[in-house]
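Q: I would like to learn how to read domain contacts, chain interfaces and ligand surroundings. Could you walk me through them?

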Amino acid sequence: MTAADAAGALREPGTQAAAARPPRRGRANPNLVIGAVLVGLVVGMALTSFVWTPYNPTRVDTPARLAGYGADHWLGTDKFGRDVLSQLMVGARTTLFVGVVAVGVAALSGTPVGVVAGMARSRWLSEGIMRTNDLLLAFPALLLAIMFGAVFGASTLTAMIAIGVATVPTFARIARARTLQVMSTEYVLAARAAGRTRLAIALRHVLPNIFSLLIVQASVSFAIAVLAEAALSFLGFGTAPPTPSWGRMLQEAQELLSVAPRLAVWPGLAIALAVLGFNLLGDGLRDRFDPQLDDRR
Amino acid sequence: MFLASLALASVTVFAFMSVLPGDPARVALGVTADPESVAQLQARFGTDRPLAVQYLDWVSGLPTGDFGRSYVTEATIGPQIVDRLLVTLWLVATASVLALLVAVPAGVVAAVRHRRPSGAFLSGMSQVGIAIPSFLAGMLLIALFAVHWGLLPAGGWTPPAQDPARFVRLLILPALSLGVVQAAVLTRYVRSAILDVLREDYLRTARAKGMGPYRALIRHGLRNAAIPVVTVLGLQLATLLIGAVVVERVFVIPGLGSLLLDGVANRDLLLVQGVVMVLVVAVLLVNYLVDVAYVVIDPRLRRAR
Amino acid sequence: MSSAAGNAVLTVAGLSVGVRDLRLVTDVSFSLGPGERVGLIGESGSGKSLTALSLMGLLPEGLRAAGSVRMAAVDHDLVDASERDMTRVRGDRMAMVFQEPMTALNPLMRVGDQVAEVMLLHDTQPDRRSARAAVTELFQRVHLPDPERMPGSYPHQLSGGQRQRIMLAIALANNPSVLICDEPTTALDVTVQALMLEEILAGVEREGSALLFITHDLPVVAMVCQRVLVMYGGRLVESGPVREVFTSPRHPYTAGLLASSRFEESDTAGRLPTISGSVPAAGHFPAGCPFRDRCPAATEECAEWPGWTGGAAHGFACWHPVGRTGQ
Ligand SMILES: Nc1ncnc2c1ncn2[C@@H]1O[C@H](COP(=O)(O)OP(=O)(O)O)[C@@H](O)[C@H]1O
Ligand code: SF4
Ligand SMILES: [Mg+2]
């Protein structure tokens with residue numbers, strides 16, 4: 001489920017566009033377009049939910065329970081009579097919130113750590129950082145979140161911190177690898193010869209150069225975060241009721257699988273499309289930023 | 001190196017699960033308890049000793065499967081973990097084999113035919129597969145095979161020794177739900193590894209010897225492509241193990257995951273600590289085996305050690 | 001110009017290579033007699049490698065060849081032949097040594113197995129045991145040190161020169177009637193280049209193979225080859241016996257190549273290079289004579305392709321050939 005760890009550790013696979021015919025200049029990259037549309041859909045749903053939802057998503061309406069598709073409730077209602085579409089819309093908010101915080105935590109702490117490891121003069125420092133990183137890799141996001149939940153109690157906060165912490169090594173690794181690359185380029189060597197401080201070099205040369213890579217990773221990590229959040233809510237380690245969340249909608253749908261499978265279909269579709277969107281967006285951005293992957297000689 | 005990681009991981013797990021939450025005797029008796037009975041319980045749990053001693057006591061029992069006694073049920077933890085671990089291993093092993101059986105051919109075809117519709121279709125399918133969480137796949141499979149067609153049971157578990165036929169029937173759906181998602185992820189990496197290999201000069205040499213494209217790829221490409229794929233496989237096995245936690249919940253399977261979640265629900269922290277440690281050891285062990293696999297596959301690394 | 005091809009082992013006629021709407025090699029025709037050693041020269045980007053690869057049917061994905069390539073005793077054209085037919089030709093009738101010995105061998109397989117494979121593939125040796133013996137003998141012939149133990153080594157344990165000899169052993173294993181070498185010494189240390197050339201020469205002599213030797217190193221051509229083909233902009237611009245072409249080139253491009261090669265040899269003081277400008281990227285050669293934008297003798301006439309003057313074995317394509325002052 002968490003391809004992100006792998007994605008960070010390795011050169012990402014040649015993506016669709018890299019493998020396809022060399023893209024002509026100006027021709028839209030399908031990954032980028034589809035990814036952006038799907039992500040836009042999720043974001044749009046979340047934003048709309050702030051100003052409008054068909055119903056209050058937590059409003060219990062017992063007479064209308066388990067209503068099918070219809071004019072009153074477009075996507076029907078659940079076993080408490082809550083409107084499925086409204087829950088989906090507000091659930092998008094939860095998903096994005098967890099993703100933004102988790103990826104933010106990971107990027108904002110992992111990147112500086114990786115840059116320091118890449119620029120450190122002392123081998124001890126850089127080795128120490130990378131070993132700590134490897135240790136952290138032994139604790140996948142889901143496990144970490146369950147540990148956090150066991151000790152501090154399950155909540156949205158523990159879930160997103162756990163996912164964020166588990167994603168730190170991915171960013172640290174990428175940042176370090178790219179920093180090492182940038183540090184050996186001629187313009188950095190020249191800047192060092194001219195007596196620029198390390199901080200100045202980091203700000204002027206390193207960060208701008210790793211930025212695009214970080215954006216790509218952020219998108220891919222976001223997909224992982226969405227998956228992890230869904231799994232945690234499904235297990236009851238994420239967002240607590242009554243706040244709607246896609247993972248918990250699925251969990252509630254499970255016992256009704258024989259009665260109302262559609263209750264599982266919609267949140268399931270939402271999760272899958274969101275993950276697909278962020279993954280495709282990441283691929284598309286990678287193709288855009290890294291034309292080397294183009295398979296022309 | 002491996003042992004150092006193990007030691008470090010055990011300290012981390014101990015510190016997180018045993019030190020952070022506070023003294024289990026106090027937790028068990030509540031804040032209003034009188035100091036005397038707290039002290040009594042502490043003596044029984046052994047938590048009146050210095051932390052370093054407690055840690056050494058715990059960690060020295062691990063190699064022999066002694067995980068201590070639960071503070072909640074007072075049952076020994078070790079045997080439970082071993083029982084449950086076996087269940088989870090069945091699930092994970094079957095899922096990995098399924099994933100490899102699907103992903104290697106699919107990845108190879110997707111790479112070789114990457115300019116044709118069939119290759120693009122396979123890549124697209126793998127993208128979609130990656131986006132489906134294993135528990136969702138599990139629910140869909142239950143909805144179809146158990147509820148709709150009534151072909152297979154929706155959940156439960158029987159040990160293989162007791163009723164092999166039922167064991168297999170029960171294993172199919174959970175193994176599929178874990179395996180399908182892993183297959184999708186692996187397909188992507190196999191494809192990219194093969195695409196890289198296809199560009200290599202030695203493959204052209206093989207063709208120049210008179211090998212057909214598939215034959216050259218199988219004889220000279222697969223092993224070279226295995227190097228990056230093994231890395232991912234290692235990471236995947238680790239996430240598969242964790243993913244099993246969720247799938248066990250969907251299919252009501254009494255594996256390590258269920259034990260972990262029950263432990264959390266009962267606030268049985270020593271049990272949780274034990275299960276977490278087992279999972280972390282498994283992850284580290286897989287990483288270590290990946291390193292060993294590199295050396296087996298690649299003669300260039302042999303000299304270096 | 002398909003004369004003199006009566007007993008040729010390889011006959012190339014009107015060979016072109018293109019990718020999508022771009023022509024990379026245009027209308028190349030030549031033939032190789034049995035055991036004949038022919039050089040193919042030209043600057044980087046002239047289309048030499050693509051020509052060679054299209055003979056083997058190993059063009060990179062997306063590139064297509066047209067025209068005709070025939071081999072003696074092969075009853076089909078090699079252009080557009082089926083993959084199955086080509087697998088029987090490659091490594092058996094026609095073999096190739098590539099430029100880069102560091103990457104041309106499989107890093108995970110013992111070199112002996114990589115050599116044995118080509119014999120087992122074409123049933124030249126009946127089983128592994130006899131193939132192993134044949135490998136040792138081949139290693140002896142190309143003068144690899146320790147031919148008993150060398151087959152058990154992996155490529156990374158060998159030097160560039162040793163690896164290239166192994167490539168040569170693979171190429172010669174089945175006694176091919178045509179051997180193609182694409183810049184086989186370019187990636188090697190200067191000190192081992194001469195040794196490698198001797199191995200190639202000895203090898204084709206022993207096996208009686210015709211040799212198509214690609215290089216941009218003219219002295220090497222003078223040493224190895226009997227005849228030379230000069231290529232520029234994807235076209236053959238001149239051909240003939242090495243001695244004649246090198247002493248009295250007719251095409252201005254050949255003359256430029258020769259002058260700059262002499263200049264590099266003798267003089268390190270900074271004078272202007274003899275051919276001005278550089279090879280354009282594929283698709284950016286001028287129409288007509290591709291050398292027009294760099295040629296000192298170019299006139300308006302050169303906007304049209306000059307056509308071939310002379311015979312297939314000796315001729316050139318130029319409106320204003322360099323004067324025949326000597327002879
Ligand atoms: N796969 C390819 N796709 C497009 N153009 C190519 C490809 N391979 C080679 N070329 C172009 O064809 C021209 C001739 O290449 P090549 O035969 O390798 O030249 P040479 O071997 O004489 O240096 C070059 O301009 C090169 O850029
Ligand atoms: S045809 Fe014209 S441009 Fe071409 S080489 Fe001859 S003189 Fe020069
Ligand atoms: Mg070349």
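Q: How many residues of domain 1 of chain C are in contact with residues of domain 2 of chain C?

A: Contact means heavy atoms within 4.5 Å. In this predicted model, 19 residues of domain 1 of chain C are in contact with 26 residues of domain 2 of chain C. Before we go on, some ground rules: residues are numbered from 1 along each chain as its sequence is written, while chains are lettered from A and ligands numbered from 1 in the order in which they are written. Local features need pLDDT of at least 70, side-chain atom pairs count only at pLDDT 80 or more, and totals for chains, interfaces and linings use all residues, with side-chain values using heavy atoms and leaving out hydrogens and water.

Q: What area is buried between domain 1 of chain C and domain 2 of chain C?

A: Buried area is the accessible area (1.4 Å probe) that two parts lose on being put together, summed over both. Between these two domains of chain C the value is about 1,900 Å², with carbon and sulfur atoms giving 70% of that area. On the domain 1 side, Leu218(C), Val230(C) and Tyr232(C) supply 48% of the area buried against domain 2 of chain C, more than any other three residues.

Q: How many residue pairs are in polar contact between domain 1 of chain C and domain 2 of chain C?

A: A polar contact is a pair of N or O atoms within 3.5 Å; within protein, one must be able to donate a hydrogen and the other to accept it, and residues adjacent in sequence count only if both atoms are side-chain atoms. Six residue pairs, both at pLDDT 80 or more, meet this rule between the two domains of chain C. The elements giving two or more residues to the domain 1 side are strand E2 (22-32), helix H8 (218-224) and strand E8 (227-232) of chain C; helices (H or I, at least four residues) and strands (E, at least two) are DSSP runs, numbered from the N terminus.

Q: Now chain B, please. How far apart do the C-alpha centres of its two domains lie?

A: Chain B is divided into domain 1 (2-64) and domain 2 (89-304), and their C-alpha centres lie 36 Å apart. Twelve residues of domain 1 of chain B are in contact with eleven residues of domain 2 of chain B. The area buried between them is about 1,000 Å², and carbon and sulfur atoms give 84% of it. Helix H1 (residues 2-19) of chain B gives the most to the domain 1 side, with nine residues.

Q: And between chains, which residues form the salt bridge of chain B with chain A?

A: Side chains of opposite charge can pair when their charged atoms come close. A salt bridge is a side-chain nitrogen of Lys or Arg within 4 Å of a carboxyl oxygen of Asp or Glu. Between chain B and chain A the count is one: Arg188(B) pairs with Asp283(A), the closest N and O atoms being 3.2 Å apart. Across this interface there are also four residue pairs in polar contact, both at pLDDT 80 or more. H10(B) contributes twelve residues to the side of chain B that touches chain A, the largest share.

Q: What is the area buried between chain B and chain A?

A: About 4,800 Å² is buried there, of which carbon and sulfur atoms give 74%. In terms of contacts, 59 residues of chain B meet 53 residues of chain A.

Q: Which residue of chain B forms a salt bridge with Glu117(C)?

A: Glu117(C) pairs with Lys209(B), and their closest N and O atoms are 2.7 Å apart. Over all chains, the count comes to 23 salt bridges.

Q: Which atoms of Gly45(C), Gly47(C) and Ser49(C) approach ligand 1?

A: An oxygen atom of ligand 1 is 2.7 Å from a polar backbone atom of Gly45(C). For Gly47(C), a backbone N or O atom lies 3.0 Å from an oxygen atom of ligand 1. With Ser49(C) the side chain takes part, an N or O atom there being 2.7 Å from an oxygen atom of ligand 1.

Notes
Domains from an automatic or database assignment.
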